[in-house]
Structures are given as structure tokens and as C-alpha cells.
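This report describes an interface between two chains and then the make-up of a further chain. The sequence and structure are shown first.

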Amino acid sequence: MSAIVAAAGDITAPSIEYGALAPMLIVFGAALLGVLVEAFVPVAHRFAAQVGLAITAIVAAFVGVVVLAGSHSVLAEGAVANDGPALFIEGTVLALGLASILLLAERSLDAGGSALVAQAAALPGSAAERAQPSDAVQTEAFPLALFALGGMMLFPAANDLLTMFVALEVLSLPLYLLCGLARRRRLLSQEAAVKYFLLGAFSSAFFLYGLALLYGYAGTVRLSGIADATRGSTKSDGLLVIGLALLAVGLLFKLSAVPFHSWTPDVYQGAPTPVTAFMAAGTKVAAFGALLRVLYVGFADVRWDWRPMMWIIAIATMVVGAVLAVTQTDIKRMLAYSSVAHAGFLLTGVIAANKEGLSGTLFYLLAYGFTTIGAFAIVTLVRDAGGEATHLSRWQGLGRRSPLVAGAFAFFLLALAGIPLTSGFAGKFAVFAAAIKGGATPLVVVGVLTSAIAAFFYVKVIVLMFFSEPAADGPTVAIPSPFTAAAVALGLAVTVVLGVMPQPLLDLAQQAAPFVR
Amino acid sequence: MTSLTLNSLALAASHMSTAETVGFWILAPIALLGALGVIFARSAVHAGLLLGLVMLSLGVVYGVQDAQFLMFVQLIVYAGAVMSLFLFVLMLVGIDSSDSLVETLRAQRPLALLLGLGFAVLLVAGIADATTGTTSAGLEEANADGNVLGLAKLLFTRYVFAFELTSALLITAALGAMVLTHREKIGPKLTQKMMMQERVRGGRPSPLPGPGVFARSNAVGTPALLPDGTAASESVSPSVAQTLAGRGVESVVGRHPATIDAQPAPVEPESFEAESFQPETFEAEPFEWAPSSPESPPEPEPATTEEDA
Amino acid sequence: MSPDWWLYLSAALFSVGAAGVLLRRNAIVVFMCVELMLNAVNLTLVTFSRINGDLDGQIIAFFVMVVAAAEVVVGLAIIVTIFRTRRTASLDEANLLKY
Amino acid sequence: MSVLASQALAQLAAAPAPSPVPASGSFSLTVWLVLLPLIGAAVLLLSGRRADPWGHLVGVAASVASFLVAVVLFFSLQGHAGDERSIGQHLFSWVPVAGFHVDAGLLLDPLSMAFVLLITGVGSLIHIYSVGYMSHDAGRRRFFGYLNLFVAAMLLLVLADGYLLLYVGWEGVGLASYLLIGFWTFKPTAATAAKKAFVVNRVGDVGLGLAIMLMFATFGTTSFVGVLGNADFVSSGTLTAIGLLLLLGACGKSAQAPLQTWLLDAMEGPTPVSALIHAATMVTAGVYLVVRSGPIFDLAPDARLAVTIVGAVTLSMGALIGCAKDDIKKVLAASTMSQIGYMVLAAGLGPAGYAIAILHLLTHGFFKAGMFLGAGSVMHALDDEVDMRRYGGLRKVMPITFVTFGLGYLAIIGLPPFSGFFSKDKIIEAAFDKGGTSGWVLGTTALVAAGVTAFYMTRLMAMTFFGEARWAKGAHPHEAPSVMTAPMVVLAIGSVCAGGLLVLGGSLQNWLEPVVGQSVEVGAHTISPTVLTLITLLVVGGGVAGGWVVFGRRSIPVTAPAAGPLVVAARRDLYGDAANEALLMRPGQWLTRWLVWFDGRGVDGFVNGLAATIGGGSARLRRWQTGFVRSYALSMFGGAALVVAAVLVVRL
């Protein structure tokens with residue numbers, strides 16, 4: 001016993017840089033406070049308290065990220081990297097998270113209710129559910145979203161694979177739950193949750209197995225340690241490549257690359273639209289950040305091992321995403337496939353494996369995140385008696401009925417298609433240029449061709465909205481509260497500004513470029 | 001597993017000791033067969049129990065491999081708590097816990113087996129390629145202060161951030177479970193007096209008829225018959241009706257009593273189907289049921305309770 | 001005989017678990033198969049811990065258990081919820097979202 | 001070649017091109033030349049009906065203000081020494097793409113100054129005239145808006161410091177011309193004419209566009225300084241190509257053969273438009289282009305010869321057509337073609353002719369605008385009657401119109417000392433002085449055409465102002481209001497004096513010398529100037545006499561009599577439309593039809609096939625998304641296995 005005590009004395013207290021970790025800690029702290037709010041604040045005030053808390057925390061964390069800009073260090077005993085790309089992505093995720101919280105806080109669209117269910121435990125259609133006041137909301141969603149947001153911030157900043165795995169789960173678990181909380185179409189929503197959960201757990205297992213093999217190979221799970229081990233190693237590296245491949249499966253699942261994408265359309269369609277927006281934007285950004293860090297820090301020296309594999313996946317992702325989107329009839333599903341295709345375009349930048357690839361991907365992530373969140377925000381506005389009217393045929397002639405909303409949506413679609421003067425063009429240009437420089441020209445050719453296919457279905461929707469006769473009993477466009485309006489405006493503003501003058505942000509992304517090791 | 005064995009195992013430096021070899025050949029078949037049992041056992045409960053077996057045997061393996069702390073965590077937390085939770089939920093969901101043997105997805109089964117086998121071969125080949133001839137460093141040094149202390153040192157230094165982070169995970173889990181299951185009470189708690197008043201005003205002061213009364217069967221799914229021969233729909237608990245409907249079984253509740261008892265009904269039954277026995281499973285809003293795909297015809301569900309009516 | 005054999009066992013368990021995810025229809029059993037995969041990972045970690053001669057692998061395995069516990073709670077809650085609305089835990093019937 | 005050339009250019013960064021002096025002081029006003037009418041146009045076109053009562057005044061004010069600025073700038077420019085009279089004003093970086101950098105800037109030099117004065121001066125007069133002419137038109141505000149737009153575009157055209165900005169102005173005047181020709185949209189003929197002008201001009205624009213692209217490919221820039229200053233370093237083949245393409249552009253805008261056909265139809269527009277755009281200013285843009293690009297043509301003799309041929313052919317055609325037309329505006333339009341042919345001919349003669357071309361351009365601007373306004377006045381008096389066979393004897397009822405028109409007539413036929421004499425005589429002389437066979441041919445053509453000009457102008461005078469009145473019933477001709485006659489008087493004064501003033505002491509030549517170079521006398525005179533002048537006067541006299549004999553002394557039938565083939569041909573615009581139709585339109589239509597067919601069957605077939613393939617593939621692939629979690633897991637597991645296999649294979 002005394003020996004144990006003596007030995008315990010050997011442990012030097014870990015140093016944790018609370019200041020530099022502040023953005024994440026603020027978000028997690030706010031999530032914990034949110035749990036307490038659930039416990040102690042009366043029902044009537046919970047919603048306001050949660051929304052206020054979440055927004056305050058996000059803004060404070062964003063300020064923290066801005067203050068930290070330019071730092072280049074490793075925190076918390078080497079678990080967390082605090083470098084340019086991490087901060088860039090943290091800032092991006094925070095801004096996207098703010099927009100998502102705004103969408104979640106929207107309550108004026110659906111007869112006083114938000115997109116979230118009033119009481120998740122009440123069976124859909126049951127007397128218990130009908131007894132719920134119409135303005136009741138499952139306010140636990142806000143702390144859950146904050147937990148997910150914290151996970152998204154940590155995911156790309158994790159400097160070792162274990163922290164990355166925990167962050168992956170921290171970001172995933174709340175999202176699994178949030179997916180099942182739709183107020184309308186609960187069956188679809190719950191189905192999405194269960195699909196997302198099971199497949200997510202499945203992919204986590206692959207990630208973990210890869211982690212284990214890499215630990216076996218390198219004796220450490222720190223990315224820099226793995227990088228050191230890959231250099232000048234005479235060991236047979238079957239463990240390394242299999243480990244990397246399985247690790248990649250876990251990451252590629254999160255960023256919905258083919259063939260690990262199949263959850264994407266189902267979950268995007270079934271989840272409540274604000275949650276979909278959060279997932280589509282935030283998860284993708286965070287997962288790409290993590291993938292970039294893994295590949296560029298841990299496996300930069302063995303890029304010849306992973307590049308062929310990523311080539312095939314990128315091509316498959318672009319092609320499948322673009323081609324499958326063509327025949328979709330549900331707007332959310334179409335956007336989901338579009339998100340798959342965009343994952344492919346982003347992978348092109350990742351494969352470039354050079355500085356431009358990193359900065360281009362960072363830029364693209366930001367641009368895509370805001371565009372997609374704006375697009376989903378618009379989807380929440382087009383409604384009929386059954387909630388959101390997501391079937392494409394219902395959008396016929398929307399441009400004649402409400403030109404403003406349809407125009408904004410058309411603009412987002414054009415940005416997704418990568419039309420010049422939108423952020424999408426600048427982003428595509430950045431990653432494709434980087435890929436060409438990185439020697440991946442054929443990939444760029446495929447990228448351009450699939451962009452053309454993708455443009456086809458975006459334009460198809462625009463044509464549908466503006467050049468078809470509106471249906472007689474078409475959906476109405478709900479008047480949003482300032483929350484949704486702000487989210488749409490944020491998306492539009494970023495999309496326009498980055499399209500017209502992308503240079504400042506590109507410069508910022510370039511400055512952010514080097515990863516800390 | 002005695003401490004003696006552990007110590008002797010710990011002495012085995014770079015190669016497996018004989019004891020470990022013996023242990024391997026005992027534990028590995030158990031674990032592997034148990035795992036195969038998990039995926040092939042028809043009953044979910046059996047699968048759960050077999051998984052517990054795998055976990056137990058793995059716990060022993062951890063002990064064999066100088067991971068005493070993990071062994072106990074595995075046994076107590078994993079095999080104990082987690083598996084109990086699984087079994088608990090299985091029991092809760094238990095009514096259709098046995099899987100049908102008919103595979104409805106085309107080529108799913110052979111492909112799954114092929115992939116499983118192929119994946120195992122790939123992994124084994126890769127691992128063998130990498131590790132053959134490597135020697136094991138052993139954990140004597142690392143475990144010098146005892147396994148728990150060594151782990152604690154690591155946990156509170158190098159992995160302290162991840163450790164703190166798991167708190168977020170656990171809170172999420174608790175919060176999530178609560179969100180999905182806890183129902184907040186709306187309105188005041190009913191007193192006995194209020195319940196009595198409600199009952200009197202509700203038009204039926206007397207108790208509901210029990211199911212099966214005057215019917216051919218007294219199963220819970222069979223409604224009682226009223227004096228005029230019609231089915232007393234209230235006699236069947238809504239949850240039973242709902243369950244049957246949810247499983248795609250055409251409930252006898254919703255049927256004309258004539259078809260149940262093969263007797264002509266003297267009085268035209270009221271349209272109770274429309275009112276109280278609309279299964280509450282589904283949303284009130286019009287819902288687009290996608291037509292089931294050709295690969296998956298509705299599963300023929302063996303009727304257990306009501307077909308003998 | 002070298003510790004590699006434990007690695008082969010874990011690879012086999014992992015593959016069996018993965019195949020089980022593909023084969024089983026009951027959501028809970030599918031989830032159990034995922035747990036089986038995680039257990040296989042833990043076995044790998046513990047074995048590598050011994051081969052590498054450090055305790056990191058065991059710590060990671062410990063974390064995996066913690067995370068798995070949290071995941072189980074969330075997962076089972078979700079499965080129970082969908083069971084309560086659909087009265088079935090069969091995954092094949094959760095098939096509204098497709099194409 | 002072009003690569004080598006651009007490398008050479010890079011080495012010769014400090015090429016000896018005269019770079020303009022940056023604008024300072026009063027020259028910073030230059031941009032207001034363009035902005036004032038542009039603002040006027042914006043105000044008029046955007047303000048809506050409430051501006052109807054005062055809109056025309058805004059239009060006039062904008063134009064006049066621009067003229068005043070021009071005058072100020074003119075005197076400022078005169079204050080500079082000859083070789084410093086080139087003022088550049090950089091406006092903004094226009095196309096700042098890396099590797100393709102185009103600045104928008106203005107260049108005010110003696111050549112553009114001359115044009116600016118003509119455009120704003122004559123333009124202002126025509127604005128004032130239009131106040132009266134359009135007073136009964138409901139769309140007067142719109143009309144003035146278009147006029148201001150035109151003035152702005154035309155000023156941009158002549159003030160641009162590079163070909164690309166010039167092209168903007170070029171298209172701008174094309175647009176304004178289109179809008180103004182078709183101003184009376186209720187007239188189908190006007191709409192058709194507008195369309196025709198637009199289409200024919202596009203043909204020319206293609207030439208200009210290609211020339212600009214070729215310049216950029218060759219020189220790496222499109223600025224005048226960069227292109228013209230470095231023309232020496234480029235092969236003559238390239239320069240010839242550029243020159244011919246520029247000529248094609250000039251032909252379109254200046255209604256030269258073979259793109260002349262649109263101008264006659266353009267007379268469907270309101271008469272002030274014809275005076276301003278289709279006589280005085282826009283149609284001379286081609287001449288401006290050729291003169292401005294002088295250094296290129298100087299180094300490409302073949303292109304220059306082509307210019308002279310185009311000029312000679314057009315001036316003859318115009319003269320012939322003028323003899324046969326009964327529509328007064330069409331006669332004037334044909335005459336315009338013919339006179340611009342003279343200018344193009346002169347411009348094609350090289351440094352010897354540039355100044356003369358500009359001289360004729362300026363004098364023509366005065367007298368032709370004056371005559372158009374006179375024609376407008378006559379039409380105004382006779383209820384928009386344009387057929388000269390319905391005129392006659394108007395000199396008594398419309399004395400001011402008669403006198404001003406008459407002075408213009410004397411100027412155009414080249415009677416000394418009226419302005420046309422100085423300019424046209426010089427062109428004929430320069431053509432003969434070119435020497436060789438081509439000199440004789442060109443000279444003779446110009447000389448004969450001068451006689452023909454005298455003939456048809458005399459015919460016009462005789463049919464309009466002399467003889468018995470052949471007016472339609474109920475017509476009560478009267479003199480136009482003073483707001484219309486005043487500009488006519490001013491222009492008549494210009495017709496009388498401009499030529500003399502500009503030639504006196506070689507003032508215009510000296511003025512233009514920094515831009516177009518000294519007009520060298522090429523060798524000896526083929527025919528001594530004095531003798532040639534006498535011959536010319538003789539020929540002109542013959543033309544006048546012939547015209548008077550045929551049309552002045554006989555009574556004019558109200559319907560056109562049957563005539564010989566030449567007259568019929570001339571009445572039909574020398575089959576210009578028919579030729580275009582046979583040579584260009586029909587093959588074009590066939591080509592188009594074939595292309596449409598090919599597009600429909602071939603390209604569309606391919607595209608549709610591709611779309612169908614993608615759609616079909618999509619529909620098929622979609623079925624894989626079965627909605628079953630287990631299938632998804634299968635694809636993931638399969639993917640993972642493939643990925644692992646792939647990395648292992650790559651590794652081996």
C-alpha cells in the first residue's frame with residue numbers, strides 16, 4: 001500500500017493549458033450548464049435559456065478562436081493540437097454551429113413548435129403526444145447540439161488517435177439522438193436515427209481496429225509518433241497500411257465518401273432539417289479536418305500508400321454522388337447526394353497532399369458549409385399541411401410564388417454547382433488547382449466532368465422552380481422568424497462574399513496551412 | 001485465475017509460456033465459437049448470452065496478457081453491466097426476439113459470409129506479414145509498480161484530456177437516454193377524487209369488459225362479445241392491438257365478429273375500427289408509405305396468440 | 001507459439017462480428033455484433049500492449065470500454081424508442097427511407 | 001511567331017511609342033465628356049413618365065454641357081506643344097486577371113479632339129432640332145435618352161485609349177443605333193430595318209473582335225500605345241490580317257461595300273437620327289478606326305490597297321444609287337455612303353490621305369447633317385412625305401430650309417469656296433497622286449463620281465425645291481419652327497466655312513500631325529493641282545447641267561417611269577440585298593439548317609444519349625440504396641475489405 005502511495009507521488013500533475021483550450025471548454029461547459037438548465041429552470045423559460053446559453057457560448061468560443069489565431073502549439077499533454085488548420089476549422093464549425101442553433105431555435109414555422117419533437121418519449125400519434133402543448137420543445141436538444149459541436153471542434157484538433165476517437169464519439173452520439181427528434185414524420189426520423197447509429201457504431205469499430213493496428217505498428221497513437229515510425233522503418237508495414245486503411249474507413253464514413261456513404265441520403269432525409277443542416281455542414285467540416293490531420297501529419301511520408309486508394313474513393317464518390325443525385329425526387333435527398341459529390345471534390349484537394357491542397361480544402365469546407373446550411377435552411381421554409389414539402393414536385397413554380405426564397409435557393413444551388421461569382425466556384429478552383437499541382441490531373445478531369453453532371457440537376461431544380469406552373473395546392477413559404485432569416489442571411493452573405501472576393505479568406509487559409517507536429 | 005498464475009504468466013518474457021499456450025487453445029475456441037454462436041443463434045437472447053460468454057473468455061485472456069485491471073473491468077463493467085443492459089432490453093423487446101431463418105435480401109447471406117471470411121484472411125495475412133518473428137517486449141517493466149498504478153499514471157498524464165472528455169460522452173449518454181424515455185408530466189397529478197369524477201363523467205362508470213368474455217378464446221387479443229354478439233372493442237388493451245398491428249398481423253380485434261366466430265351477426269357493428277382501434281403507431285399526418293420492394297415481401301409472421309381463436 | 005496468435009484470434013472475432021452485422025436482422029443483435037467487434041479490438045490492443053511493452057494499449061482498451069458503454073446507452077435508447085413506435089426491433093422493417 | 005514577337009516586345013518594354021501625358025488640370029474633365037451624356041441617358045431612361053415634360057431639356061443640356069467641356073479641352077489642348085497634345089486619363093483596372101491585364105483609360109489627342117468637337121457640336125445642334133421635330137411624339141423623353149446614350153457611346157469610342165474599350169463604345173453606338181432606327185416600333189419596316197442594321201453590323205463586329213484578339217495574341221496588349229507603337233516588330237502577314245479584319249469592322253459600321261445595305265434601310269428611323277448617326281458621326285467610326293490604326297496599315301500595303309478599293313467601289317455604288325432613288329432620305333443616305341467611300345479611299349492612301357479623310361469627314365459632318373435636317377424639315381412640312389415626286393416648288397414656302405439646304409448642296413458638289421470643295425478636291429488629287437495604274441483608276445473613279453454626285457444632288461434640288469408643286473391633297477407646307485431652323489442655319493454656316501477654315505494654312509493637317517504623321521507629298525503630282533481642280537469643276541459642272549436638264553426643266557411624273565436596267569438596278573440598291581441574300585444568306589441558311597440538323601441528330605443525340613445514360617445509370621444505381629441497414633453495412637464492409645486489399649496490393 002505504501003508502495004502504491006509512493007509511486008503515485010511520482011506522477012507529475014499534467015499541465016493543461018486551459019486558456020488555449022478555452023474555445024472547446026466554453027462549448028462543453030455551456031453544454032453542461034444546459035443540462036443543469038434542464039434540471040432547474042422552469043419549463044416556461046427553458047427554451048429561451050437554452051438558446052441564449054448556446055448562442056452566447058458559441059460567440060464566446062468564436063472570440064476565443066479569433067484570439068488564439070496564429071498559435072502553433074500542442075496542448076494538454078500532447079492530446080490536442082492548437083495550430084492554424086485546427087483553429088480555422090474550429091472557427092468554421094463554430095460559425096456553422098451558430099447557424100444551426102439558430103435553425104433549431106426557429107419556432108414560428110410549425111404552429112409554435114420547432115422542428116424538434118415536443119416530447120420524444122411520447123409515442124407518435126398517441127394521446128400522450130397529442131396532449132403536449134403545441135409550443136413544447138425537447139429543449140435537451142440544445143445541450144446535445146453543443147456537445148456535438150464540441151466534438152466537432154476537437155475532432156480535427158485531436159493530436160492523437162485516441163483523442164480523435166473519443167472526439168468522434170462525442171460528436172456522433174448527440175447527432176444520433178438528434179436525428180430521431182423530428183416533430184413531423186417521426187417514423188422516418190427514428191429510422192434515420194437507428195440507421196445512423198448502427199452504421200456509425202459499425203464504422204467506429206473499423207476506426208478502432210485501425211487505431212489498434214497502428215498502435216501495434218508504431219507503439220504510440222500520437223500522430224507525430226506514427227509519422228516518426230513510418231520514417232526509416234525497416235519493419236514490414238502490413239500493420240501500417242491496414243491500420244491506415246481501416247482508420248480511413250471510419251473517417252470516410254463520417255464525411256460520406258463512397259462506398260461508405262449509404263447512410264447519408266437516408267439520414268439527411270429523415271432527420272429534422274436543422275439537424276440535417278448541422279450534420280451536413282459541421283460533421284463534414286470536422287471529419288475533413290480530421291482526415292487532413294491524419295493524412296498530412298501522420299502519414300505524409302507514406303502518401304504513396306494511401307494516394308491510390310484515395311484516388312479510387314474520390315472518383316467513386318464524385319461519380320456516385322453526382323449520378324445518383326440526378327434522379328432524386330426529394331429535395332433533402334438530392335442535397336444529400338450533392339453532399340456526397342462534394343465530399344469527392346474535397347477529397348481531390350486532400351489527395352493533392354501539398355500546401356495548396358490543405359488551404360484549398362479548408363477554403364472549400366468553409367464555403368460549402370455555409371452554402372449547404374443556407375440551402376437546408378430554405379428547405380425548412382417551404383411547407384404544407386404535412387410539414388416541410390420536400391418532394392421536388394411540390395417545388396414546382398415556387399419561383400413565381402415566392403421569388404425571394406426561390407431566388408435564394410437558386411443561388412445556393414448555383415454555388416453548390418460551382419458557378420463563377422459564387423463561393424463554390426472559388427472553392428472548386430482552389431482544390432482543383434491544388435490537385436493539378438499535386439499531380440492528380442486525371443482526378444481533376446473527373447471532377448470537372450462530374451461537376452457538369454451535378455450542375456445538371458441543380459439547374460433542373462432551378463428550372464423547376466422558375467419555369468414551371470405552380471401547382472394549384474402548392475406549398476406555402478412560411479415567414480421565418482429572425483432566427484432562420486439570420487441563418488439564411490449568413491449563408492447567403494458568405495456565399496456571395498467568398499464568390500466575389502475569395503482572396504482574403506484564401507490568404508487566411510494559406511496562413512493557417514502548416515499543421516503542428 | 002489466481003495471482004500465482006498471473007505472476008507466472010508475467011514471467012513469460014518474450015514468448016508465450018506453455019501455460020499461455022494452453023490457455024490460448026482453451027479460450028480461443030470458446031471465444032470464437034461463442035462469437036459464431038452470436039451471429040448464428042436464432043434466438044436473440046441466446047445470442048446475448050453467447051456474447052456474454054465471449055466477453056468472459058476475453059476477460060480471462062486479458063488476465064493472461066498481464067492486463068489485470070482490464071480483466072476486472074471487462075468482467076464487471078462489460079460482461080456484467082453492459083451485457084445486463086443488453087439482456088434487459090432484449091427482454092423488453094423480447095416478443096419477437098427470434099429472427100426468421102428466411103433471408104429476404106438477395107445474396108446477403110453468402111456475401112456476408114464471404115466478406116467475413118475474406119476480411120479475416122486479409123487481416124491475418126497482413127498481421128502475419130508484419131509481426132512474424134517480432135518478439136514481445138513484455139510488460140514486466142511497465143507493470144513494475146503494478147498494473148493499476150501504471151495505468152493510472154498514463155491515464156492522468158498522457159491521456160488525461162481524453163479521460164476528461166469521456167465525461168462529455170457519459171453525460172450525453174445519460175441525457176440521451178432521458179430524452180428518449182423520460183416523459184415529463186403535463187398538468188397536475190390526478191387525485192383519486194379527480195379520477196373518480198372523470199370516470200363518472202366519462203360515460204362508463206363500470207369497469208371495461210375483460211377480453212375473451214363470451215368469445216371462443218380468452219386470449220388477450222380477442223375482444224369480448226357484447227350481448228348483441230358484436231365485439232366489445234374496448235375490452236382489448238390498446239397496446240395489444242397496437243402491437244399486433246405493428247407486427248403486421250391482422251388483429252381479430254378489428255374484424256367483424258362474424259368472421260371470428262363464423263356466426264351471422266345479428267346487428268350491424270358500429271364502425272369502431274375508425275375510432276378507437278386506429279393503431280396509434282403512426283403519425284396523424286398523411287404519411288407516404290413506400291411500397292415494399294420486390295425483394296422483401298411482408299414477412300410471414302407466425303401467429304402465436306390469436307390464430308387459434 | 002508467439003503472441004501473434006491472439007492477434008489472429010482478434011482478427012477472426014472482428015470479422016465474425018462484422019459478418020454478424022450483415023447477417024442479423026434484430027437491431028439489438030446487430031448492435032451486439034458491433035460490441036463483439038469492439039471486444040476484438042480490445043484484444044488486439046491488449047496484445048499489442050504486451051508486444052510493445054507499454055501500457056498505452058491497455059489504456060486505450062479501457063477508453064474503448066468507456067466509450068462503448070456510453071454508446072450502448074444511447075444505442076439501446078434509440079432502439080427502444082423505435083421499438084416503441086414500430087413494435088418491432090427488426091431492421092428490415094425500418095425501410096421507409098430508400099432509393 | 002507571336003511568341004517570338006511578344007518576347008521581343010518584352011525586351012523592348014520601353015518601346016519608342018509616344019506614351020500619353022497623364023491627365024491633369026482641366027484634362028481631368030475628359031471623363032466628363034462621356035459621363036455627362038451618360039448621366040443624361042440614365043436620368044431620362046430611368047426616371048419614367050414624370051420626366052416627360054422636361055426630359056428633352058435634360059437631354060439637350062447634357063449634350064450641350066459635353067460640348068462646352070469639349071471646347072474647354074480644345075483650348076487647353078491648343079495650349080500644349082504639338083507632341084504633348086496626347087493626354088491619357090487612366091480610369092480603372094478593368095480586367096485585372098493575372099496575365100491578362102486591361103486598363104480602362106481615355107486618350108485625348110488631336111484626332112479624338114476633332115471627333116469630340118464634331119460629335120458634341122453637331123450632336124448638340126441635332127438635339128436642339130429634335131426638340132422641335134419630336135415635339136408631338138409621345139416617346140420624346142425616351143428618344144432623347146437614346147440620343148444621349150448614343151453620344152456617350154460615340155465619345156467613348158473616340159476617346160478610348162485601347163481597342164478593347166473602343167470596342168465597348170463600338171457596340172454601344174451599335175446598340176443606340178438599333179434602338180433609334182427602330183424607335184417607331186409600330187412601323188414594321190422600322191423594326192425590320194433596325195434588325196437588319198444590327199445583324200449586318202454584327203458581321204463587321206466579328207471582324208473587329210477577331211482583330212482585337214489577334215492583337216492581344218500578338219502584342220499581349222490592346223492599348224493603342226502598345227499595339228501601334230510596336231507594330232514594327234511584327235510580321236507583315238500578321239499586320240495584314242489585323243488590317244483586313246479591322247477593315248471588315250469598318251465596313252460594317254461605315255456602310256461600305258459589301259456591308260453597305262443596312263444604311264439605306266436605316267432611314268426608317270426619325271430624321272434627326274439619320275442626321276446624327278447615319279450621316280455625321282457613327283458611320284464615320286470606320287474611318288476613325290482606319291486612321292487611328294494608321295501605323296498598322298502603313299506596314300501592311302495589301303490591307304491598305306483593300307481599303308482604297310472598298311472606298312472606291314462604295315463611292316461609285318453610292319453615287320449610282322443616289323441617282324435613282326425617289327425617297328429624299330435614301331438619296332441622302334446613298335450620298336452618305338458615297339461620301340464615306342471618299343473618306344475611306346483617302347484613308348487608304350496612307351499618311352498622304354489621313355488628314356484629308358478627316359477633313360472630308362468634318363466638312364461632310366456639317367453639310368450632310370444640315371441637308372438631313374433640311375430633309376426633315378421638308379418632311380415635317382409635308383406630313384412625313386418622303387417621295388420627292390410629291391415635292392416640288394418648295395423654295396417659296398420654305399425659304400430658310402431652301403437656303404440652308406442649298407448651301408449644303410453647293411458644299412457637297414464641291415463648288416468653291418464651299419467646304420466640300422476643299423476636301424473632295426484634295427481626295428481626288430491624292431488619289432491621282434498615288435501613282436501607277438491604281439492611282440489612275442482610283443482618281444478617275446473619284447472624279448467621275450464627283451460628277452455623278454453633282455448630277456443626283458441637282459436632281460434632288462430640282463425635284464424638291466423647283467418646278468411645280470406636286471404635293472398630296474390637303475398638304476399645307478410651312479416653314480419649320482425656329483428651334484428647328486436655327487440648327488439648320490448653324491450647320492449651313494458650317495457647310496460654307498468649315499472647309500476653308502480647316503484648310504487655311506494647313507491648320508487641320510498641322511493639328512492632326514502628332515497623330516497621323518506629316519502628310520508627305522508622294523512624288524510628283526500626276527496632274528498638276530490647278531489643272532485637276534479645273535477638270536473636277538468641269539465634271540461637276542457637267543453633272544449639274546445634266547441634272548438640271550433632265551429634272552429641272554421637265555415636269556416630274558408623280559409615279560416613277562419605266563427605266564433602263566441601270567436605273568432599275570440602282571433603284572434596287574444595285575442588288576446589294578439580293579447579292580447578300582444569294583451569297584451569304586442562302587448559304588448561311590443552308591449551313592444553319594445543316595447545323596441544326598447535325599445539332600439535333602448528332603450533338604443533341606450525343607448529349608441526349610449521355611443524359612439518358614446518366615439518368616438510366618442513376619435510376620439503376622438508385623436501386624442499390626435499398627433502405628436496408630444491412631445492405632448498407634454490406635457495402636461498407638465490402639468497401640473496407642477492398643480498401644484493405646488495395647493498400648496491401650499497392651504495398652506488395
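**Basis of the contact counts**

Contact here means that heavy atoms lie within 4.5 Å. The model is predicted. On that definition, 103 residues of chain B are in contact with 76 residues of chain C.

**Extent of the interface between chains C and B**

The size of an interface is often expressed as the accessible area that is lost when the parts come together. For chain C and chain B, the buried area is about 7,800 Å², and carbon and sulfur atoms account for 71% of it.

**Polar and charged pairs**

Two salt bridges are counted between chain C and chain B. A salt bridge joins the side chains of Arg158(B) and Asp56(C), with an N to O distance of 2.4 Å.

**The side contributed by chain C**

Helix 1 (4-23), helix 2 (27-52) and helix 3 (56-86) of chain C are the elements that each give two or more residues to the side touching chain B. The largest share, 24 residues, comes from helix 3 of chain C. By class, this side of chain C comprises 48 nonpolar, 15 polar and 13 charged residues.

**Chain D**

Chain D contains 26 helices and three strands. Of its 652 residues, 56% count as buried. Among contacts in chain D between residues at least 6 apart in sequence, 81% link residues at least 24 apart.

Terms used: Residues numbered from 1 in each chain as written. Chains lettered and ligands numbered in written order. Predicted model: local features only at pLDDT ≥ 70, side-chain atom pairs only at ≥ 80, totals over all residues. Heavy atoms only, no water. Buried area = accessible area lost by both parts, 1.4 Å probe. Salt bridge = Lys/Arg side-chain N within 4 Å of Asp/Glu carboxyl O. Helix = DSSP H or I, 4+ residues; strand = E, 2+ residues; numbered from the N terminus. Nonpolar A, V, L, I, M, F, W, Y, C, P; charged D, E, K, R; others polar. Buried < 20%, exposed > 50% of the residue type's maximum accessible area, 1.4 Å probe, protein only.
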